[in-house]
Amino acid sequence: MSVLNGKKILLGVSGGIAAYKTASLVRLFIKAGAHVQVIMTPASKDFVTPLTLSTLSKNPVHSSFFNQDDEDAVWNNHVDLALWADLMLIAPATSNTLSKMTTGNSDNLLVATYLSAKCPVYFAPAMDLDMYKHPSVLSSFTALKSFGNIMIPAESGELASGLSGEGRMAEPENIITFLEADLESKLPLKGKKILITAGPTYEAIDPVRFIGNHSSGKMGFDLANEAANLGAQVILVAGPTHYKAKNGLVEVINVVSAQDMYDACHEYFNDVDVAIAAAAVADYRPKVVALQKIKKAADEFSIELEKTKDILASLGAIKKNQFLIGFALETENEIENAKLKIQKKNLDLIVLNSLQDEGAGFKKETNKVTFIDQDFKIEPMELKSKESVAVDILNKVVLHFEKS
């Protein structure tokens with residue numbers, strides 16, 4: 001899966017012959033799973049039509065501060081466009097547009113949006129070879145890079161003038177490759193391997209019945225997706241759940257019982273940098289599993305249970321340099337019980353859930369957690385979506401590696 005998947009990309013098109021390539025560029029962005037909006041300078045419409053780019057991007061194309069054909073003259077808000085984007089790409093970037101970007105001459109919607117952008121900005125120059133080497137253009141390159149913008153160098157080849165040399169806008173496929181490589185190199189968990197557990201476990205009573213719990217697995221799957229989005233190699237050990245990993249780079253190991261999960265975790269733990277135990281593992285299992293379905297007969301029926309292996313404690317006992325995160329779901333004495341788990345299981349961080357908090361717990365779209373670290377620093381969080389809680393947890397992981 002491309003690192004561009006799910007990214008909101010704002011494509012600025014300026015008036016050069018290379019603008020015709022933007023149709024292929026938009027198509028490749030969409031194929032990679034990105035969301036695309038296009039801003040065109042008035043001159044660029046001489047080379048490629050707004051209808052083409054609108055059809056390919058599945059969004060309206062913007063080219064002026066307001067729609068002149070609209071009786072209400074609706075304003076195209078350049079600030080909203082800039083804040084929407086995860087990244088902005090200006091391609092082709094002509095010498096005229098580069099000069100305006102350098103000096104802040106915002107006489108069109110594209111440059112005004114660029115000046116409002118908070119996201120990373122990439123630019124792909126396109127011009128004839130003598131223009132590309134002119135001191136004024138070279139000065140624009142230097143200035144824009146000093147502002148933090150990222151240049152996608154032009155390529156060599158035949159130019160519109162008939163000459164051959166450096167100045168061709170990079171081919172769309174090469175632009176995609178450049179963006180993916182640059183984004184991947186900046187991902188904070190690039191090169192890290194993370195083990196995550198999710199969902200319930202089912203402990204068989206007979207071939208038909210089992211002991212389980214109400215965990216949906218959503219928290220663990222959100223953690224796995226976010227970790228992969230941050231560049232980590234993710235192994236997700238998941239109990240029975242209907243959730244699927246949204247990020248195709250997540251390796252999912254499906255298990256059923258606590259013993260299955262124990263075995264899978266111990267198979268991978270020694271090779272990971274981080275382990276996050278978000279699964280709701282059964283504490284007990286039937287001591288004897290019937291080989292045939294148990295028939296309904298007596299008025300009373302009892303099952304002898306035995307403890308399952310404590311996966312988190314077993315990982316804490318053998319951990320070396322791994323950053324180990326556990327979850328605690330409590331109904332009383334929450335903080336005290338969570339602190340005991342940190343000590344007993346040799347954890348670096350525990351994520352405490354309380355069933356006393358409205359909106360927290362199993363089968364909810366939201367969660368309200370409290371972070372407690374090994375020094376017993378307590379950090380209560382607000383009620384948030386589980387996706388946002390996953391971001392908060394992974395931020396703790398990123399911070400750990402920044403400090404180490």
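**Pockets, a cavity and a hairpin**

Modeller: The largest pocket has a volume of about 1000 Å³. Keep in mind that this is a predicted model.

Biologist: Which residues lie nearest the centre of the largest pocket?

Modeller: The general idea comes before the case. Rolling a probe the size of a water molecule over the atoms shows where empty space is left. Here, the lining of the largest pocket is made up of 38 residues, and those nearest its centre are Ala-279, Ala-280, Val-281, Phe-327 and Lys-341. Two or more lining residues come from each of α9 (218-229), α11, β17 (323-330) and α12 (334-344).

Biologist: How does the lining of the largest pocket divide by class?

Modeller: There are 16 nonpolar, 12 polar and 10 charged residues in that lining.

Biologist: How much space lies in the second largest pocket?

Modeller: The second largest pocket holds about 400 Å³. It is lined by 13 residues, with Phe-323, Asp-348, Asp-373, Leu-399 and Lys-403 closest to its centre. By class, the lining of this second largest pocket has seven charged, four nonpolar and two polar residues.

Biologist: Which element gives the most to the lining of the second largest pocket?

Modeller: That is α13, with four residues. Helix α13 spans 386-403, and it and β20 (369-373) each supply at least two residues of the lining.

Biologist: Which residues line the largest cavity?

Modeller: The lining consists of Leu-195, Ile-196, Thr-197, Cys-265, Ala-275, Ile-276, Ala-277, Ile-311 and Leu-315. At least two of the lining residues come from each of β9 (193-198), β14 (274-277) and α11 (311-318). Eight residues of this lining are nonpolar and one is polar, with no charged residues. Helix α11 also gives two or more residues to the lining of the largest pocket.

Biologist: Now the strands. In which sense do β7 and β8 pair?

Modeller: In a regular strand the side chains alternate between the two faces of the sheet. In this model, β7 (residues 155-158) and β8 (residues 164-168) pair in the antiparallel sense, over four bridges.

Biologist: What lies between β7 and β8?

Modeller: The two strands form a hairpin with five residues between them. In the turn, Gly-162 has a positive phi of about 95°.

Note on methods:
Residues numbered from 1 in each chain as written. Predicted model: local features only at pLDDT ≥ 70, side-chain atom pairs only at ≥ 80, totals over all residues. Heavy atoms only, no water. 1 Å grid on protein atoms, 1.4 Å probe; cavity = no way out; pocket = protein on both sides within 12 Å on 5 of 7 lines; lining within 4 Å. Nonpolar A, V, L, I, M, F, W, Y, C, P; charged D, E, K, R; others polar. Points joined across faces, edges and corners; volume = space filled by probe spheres on them. Pairing = 2+ DSSP bridges.
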